[in-house]
Amino acid sequence: MLIENTWYVAAWSHEVPDGAMFPRVITGLPIVMYRKADGEIVALEDRCCHRGAPLSLGRREGDCVRCMYHGLKFDSAGTCVEAPAQQRIPPRVKVRTFPVVERHRWIWIWMGDPALANPDAIPDTHWLDDPAWRSLPGYIHYGVNYLLICDNLLDFSHLPFVHPTTLGGSEDYATVQPKIERLDNGVRVTRWTINTDAPRYAAAVKEWPGKVDRWNIYDFTLPAVLCMDSGMAPTGTGAPEGTRVNAAEFRGCQALTPETENSTHYFFSHPHNFAIDQPEVTRSIHQSVVDAFDEDREIITAQQKNLALDPTFRMTAFGIDSALSQFRWVVDRQLAEEREARQQLTGER
Amino acid sequence: MLIENTWYVAAWSHEVPDGAMFPRVITGLPIVMYRKADGEIVALEDRCCHRGAPLSLGRREGDCVRCMYHGLKFDSAGTCVEAPAQQRIPPRVKVRTFPVVERHRWIWIWMGDPALANPDAIPDTHWLDDPAWRSLPGYIHYGVNYLLICDNLLDFSHLPFVHPTTLGGSEDYATVQPKIERLDNGVRVTRWTINTDAPRYAAAVKEWPGKVDRWNIYDFTLPAVLCMDSGMAPTGTGAPEGTRVNAAEFRGCQALTPETENSTHYFFSHPHNFAIDQPEVTRSIHQSVVDAFDEDREIITAQQKNLALDPTFRMTAFGIDSALSQFRWVVDRQLAEEREARQQLTGER
Amino acid sequence: MLIENTWYVAAWSHEVPDGAMFPRVITGLPIVMYRKADGEIVALEDRCCHRGAPLSLGRREGDCVRCMYHGLKFDSAGTCVEAPAQQRIPPRVKVRTFPVVERHRWIWIWMGDPALANPDAIPDTHWLDDPAWRSLPGYIHYGVNYLLICDNLLDFSHLPFVHPTTLGGSEDYATVQPKIERLDNGVRVTRWTINTDAPRYAAAVKEWPGKVDRWNIYDFTLPAVLCMDSGMAPTGTGAPEGTRVNAAEFRGCQALTPETENSTHYFFSHPHNFAIDQPEVTRSIHQSVVDAFDEDREIITAQQKNLALDPTFRMTAFGIDSALSQFRWVVDRQLAEEREARQQLTGER
């Protein structure tokens, strides 16, 4: 069961260049994305309604796509406008289209009822293309259910253990109790570590006179989008009280999109607002994040293997699991609502 | 569900050389084929009745086969004639044999009730070894259900799209409406394209003064055998009326044999009756067909992947699907008859 | 269904060196083994009770293990003794431990009810480290259910067919009828071949004046452990009557441990008590066994493939199958007893 009525990140903008067709499976459905002549993104079902062949193996003809199996041609609204040896095409012959919004280098797609697709519900990730910030685009493919990665992102106590030499810092970090607040469609996590060492990735790009105060404040909202204010400032300069002096600030943007029930697209970036004229700093920060996420992938994939070996295994909840337990509750509530709405629809018919 | 009471092509003659044992899975059953001293082909269940080991890993002893797990020996009728440390072998101890007919370089096998196996029902493919014709043997293994390939062969409107530079010719070819006739055990497709360009594969082996008239006339019969009269002649020389002057003629023979529900053996050849003393012409024609079939495989495998992703997908029938819809009807009728016969047999017992 | 209340071989001693953590799946459960400071082996469930991550990817801390996902620490009794940001840990928070016994280079594990784990029930394999005997340790991983390998070891009539140039000797060997005795938890097989050729592996390490008398006397007991007295002596020197003069004697020890329902760990060794100061003889004997077991694996894996292709296939029992039929009966009886015990337990609750 996957949530449908939500905005998923479908791709980085640069993955869909002019003229090309970009296929990606999202929530189990094959999708093809391309740009019209005016640059606007189109997302069609990547499956000809005739025999199921992928349109992404087909041919662009202006803003239309021709299936290269039998030559059916579809416009950007998914309507079949040409079929070989056939004058009249029944109007029901079309492929499904999906609402898409391209914003700040991310292409968002709505997999559910198009009538409910409100672009205002898309989280703010303007740091991805704000000229005052710098970042590189990240993508990882995961062979696990997306909720296992949500769990990982909702509990930073794993940082000193999974990422001792990258993001982690010292192990006292794990003992900090974060503040967890329930949001309407997710949770807000606020985590301060006072008078600690700067983690290696930050020490690599900025000099620190001594200990630092470190914060991670993030909203994790449906379907699985993390927007984080994180950073560190020299201890004693007042960061916990709201002053950010000589700080290193980041605005991490991360989005998990289920490919199928058991695989996930992971989009991420880690914008920073210092040393923005030094590309090597941006590269270094990005590489630290990539290295750390590879560490996550290793442990989460091993976890998934264990879970697959014995489906009767039951997890034990600890105090550190508060945020992820609350988020899974929000996910389940949304799934229940969508199930109910489908049943009502079926009942009415 | 796969048809049982039918002749399937099991192998090319050369795949079963003297002295060897050739294993192949057909309709989900492991089969081993070999030649007796007199050259006659034997097809046994490739599974010792004792513990299930493959006989094809065993040893030929005259016209017999010895299983090299525990040494049971079977004659060419499948009867166990020797078992270690055992004087008397119960007569029920045998492996199954299958009726086989070797004809025109193809080895045909009957997977159903042997009493119904009538060699007269085997389609005529004498062009495969007729001295007036030349061809090379083709084989492709497919990871899809055989009916998806039947669909492909029953609708030539895909030629200009899937095979633009090989078999296809120009796109007007797709707009031709073929004549479809129902046969007792399949369909006959007649397709004429008048005053068109010779396709590249024909232009490569013969000079054409200008436009040509092109025909594809084929029977597609159970289980999935295509025998085709195809070719082209200069426009205006009377080909549509029955005169074949300066023509290039072919007699394509193709057979699909399900390996399992989701994989298929594909045997094919494309005999021609011109330039038969020029092996490079035969090779060129054969390579064109191989290249084209690779193109088919690419699109059909992608189609299969899409269908596997979402089993709820329903195909939409178009005008061009008449032949394949009729053939699928014939397949379903045969499957229903076999199901009924099995139920009667069970009921009688 | 796999037997639980039994001692399985989990590893060779050398597979679990000091300081390391050694993971292995046994009867479908992930297990991690390690040595305490005093050298004693610990076997824990290799799955943190928190989120299921493998402890074997974690960190040794003295005799404890720390999960490197979120930092939970477990002692060698499986009790969670530390969890980040949590003062009080509920006593039920633990991972499962398994009784283990290290004896004669093998580490034995009990997967069932610990209260029933009696080390006295472990078969005697002292030849593995007896100074009067020499051998090398063998391990093979198999992609088949362990019972297919039991079948193989319980019927030596396959030797001349599967192992003609290694263990097998001449084909008359297959015609010998072994004596089969039912043991309480298995079967005893006694097989004498009088006046036969020495098999190649024995001829390679010892000179034989002429024909030999050859014996294989072995207990095959639950779960799947073979302890064999085998060897050969010159014919006429009285071996069948109990005198062993100028003999080559072996004490083969073999154990099959199901990894899952469809894969198996195979531990084996072939101790000999002659030429024990010649390492090249030990190596030659070991290599002969390894080569022969590779031959077994080839045919058994092919057999398993056939069985998987068609689950309706039924084996036919022959006279040579007496031992394996009896052993399968013992296995089924034990499985039935365990099933009944579980049902009573559930009923009582």
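Q: Where is the place of Ala275(C)?
A: This is a predicted model: local features need pLDDT of at least 70, side-chain atom pairs count only at pLDDT 80 or more, and totals for chains, interfaces and linings use all residues. Residues are numbered from 1 along each chain as its sequence is written, chains are lettered from A and ligands numbered from 1 in the order in which they are written, and side-chain values use heavy atoms, leaving out hydrogens and water. Helices (H or I, at least four residues) and strands (E, at least two) are DSSP runs, numbered from the N terminus. Ala275(C) sits in the loop between β17 (263-269) and α5 (279-309) of chain C.

Q: What does Ala275(C) count as at 22% relative accessibility?
A: Ala275(C) has a positive phi of about 50°, although it is not a glycine. Buried means under 20% relative accessible area, exposed means over 50%, and partly exposed lies in between (1.4 Å probe, protein chains only). At 22%, therefore, Ala275(C) is partly exposed.

Q: Which strand of chain C is the place of Asn195(C)?
A: Asn195(C) also has a positive phi without being glycine, near 60°. At 44% relative accessibility, Asn195(C) counts as partly exposed. Its place is in strand β13.

Q: How many residues does the hairpin from β12(C) to β13(C) pass through?
A: Strands pair if DSSP finds at least two bridges between them. Five bridges join β12 (residues 179-183) to β13 (residues 186-196) of chain C, and these strands run antiparallel. Ile180(C) has Val189(C) as its bridge partner in β13(C). The hairpin joins the strands through two residues.

Q: Which strands stand at the edges, each with a single partner strand?
A: An open, antiparallel sheet of three strands in chain C has the order β1-β10-β9. An edge strand has one partner, so one side of it is left without a neighbour in the sheet. In chain C these are β1 (7-12) and β9 (100-103).

Q: What is the average twist from one strand to the next in this sheet?
A: Axes are lines fitted to C-alpha atoms, for helices over the stretch in contact, and angles run from 0 to 180 degrees between N-to-C directions. From one strand to the next, the twist averages 30°.

Q: Which two residues touch the most other members of the largest nonpolar core?
A: A nonpolar core is a set of buried Ala, Val, Leu, Ile, Met, Phe, Trp, Tyr and Cys residues joined through side-chain atoms within 4.5 Å. The largest has 90 residues. The ones touching the most other members are Leu154(B) and Phe220(B).

Q: Which helix of chain B gives the most to this core?
A: The top contributor supplies nine residues and spans residues 279-309. That helix is α5.

Q: How far apart are the closest N and O atoms of Arg51(B) and Asp151(C)?
A: A salt bridge is a side-chain nitrogen of Lys or Arg within 4 Å of a carboxyl oxygen of Asp or Glu. The rule finds two across the interface of chain B and chain C. In the bridge from Arg51(B) to Asp151(C), the closest N and O atoms are separated by 2.5 Å.

Q: How many residues apart are Arg342(C) and Glu4(C)?
A: Arg342(C) forms a salt bridge with Glu4(C), with 4.0 Å between the closest N and O atoms. The pair links distant parts of the chain: Arg342(C) is in helix α6 (residues 322-348), and Glu4(C) is in the segment before β1. Their separation in residues is 338.

Q: Between which strands of chain A is Pro223(A) found?
A: A cis peptide bond joins Leu222(A) and Pro223(A), with omega about -5°. Pro223(A) is in the loop between β14 (212-221) and β15 (225-234).
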